[in-house]
Amino acid sequence: YLAFFVPPSPPGGSGGAVLAKDAIGNDIVAANYLASKPAGDRSLVQGLRGDATYLIVKDEEEMGGGLESYALNAICTHLGCVVPWNAAANKFMCPCHGSQYSPDGTVIRGPAPLPLELEHVSTDNADGKIKLLPWTEDDFRTGEKAWWN
């Protein structure tokens, strides 16, 4: 009976890291991903816990492009809707109750009480696949302990 109440460990045994997946479940290779996305792009991938997660492509002037070192969990902190990126408005806008988030996931209009959850982004040097890892440090946007820890 105990196994029913204890959640399984994350796959891979690498500190909770998971490979980012595309819409059909394929691993995402950084070079291919970046070649297909414009600077400033925010596109959804499957991230930690299988949640929709935004990978962010840096602007060209930001150290030559590439991926940001963080990703944003796309789940609204109000009631759990997936928050789409609105490129024209340059912000995330929740369709459920109108919450809005800045490009880095900070709340700019409620009712959402908290910023979007952060995840670390890294690239596996061996095969170039994008890995997502839990964010355990303070939230750089607020300077405080991350609410999801």
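Q: Which residues does Asp27 touch, not counting residues up to four places away in sequence?
A: In this predicted model, Asp27 touches Leu19, Ala20, Lys21 and Lys129 when residues up to four places away in sequence are not counted. Asp27 itself lies in the loop between β1 (18–19) and α2 (30–35).

Q: Is Asp27 buried, partly exposed or exposed?
A: Buried means under 20% relative accessible area and exposed means over 50%, with partly exposed in between. Asp27 has 27% relative accessibility, and therefore counts as partly exposed.

Q: How do strands β2 and β3 pair, in the parallel or the antiparallel sense?
A: Strand β2 (residues 42–46) pairs with β3 in the antiparallel sense, over five bridges. Within this pairing, Ser43 has Leu55 of β3 as its bridge partner. The two strands form a hairpin with five residues between them, and Arg49 in the turn has a positive phi of about 60 degrees.

Q: Over how many bridges do β3 and strand β4 pair?
A: β3 and β4 (residues 70–73) pair over two bridges, in the antiparallel sense. Tyr54 stands opposite Leu72 in β4.

Q: Why is strand β3 described as largely enclosed by the rest of the structure?
A: Strand β3 (residues 52–56) is described in this way because four of its five residues are buried.

Note on methods:
Residues numbered from 1 in each chain as written. Predicted model: local features only at pLDDT ≥ 70, side-chain atom pairs only at ≥ 80, totals over all residues. Heavy atoms only, no water. Buried < 20%, exposed > 50% of the residue type's maximum accessible area, 1.4 Å probe, protein only. Contact = heavy atoms within 4.5 Å. Pairing = 2+ DSSP bridges.
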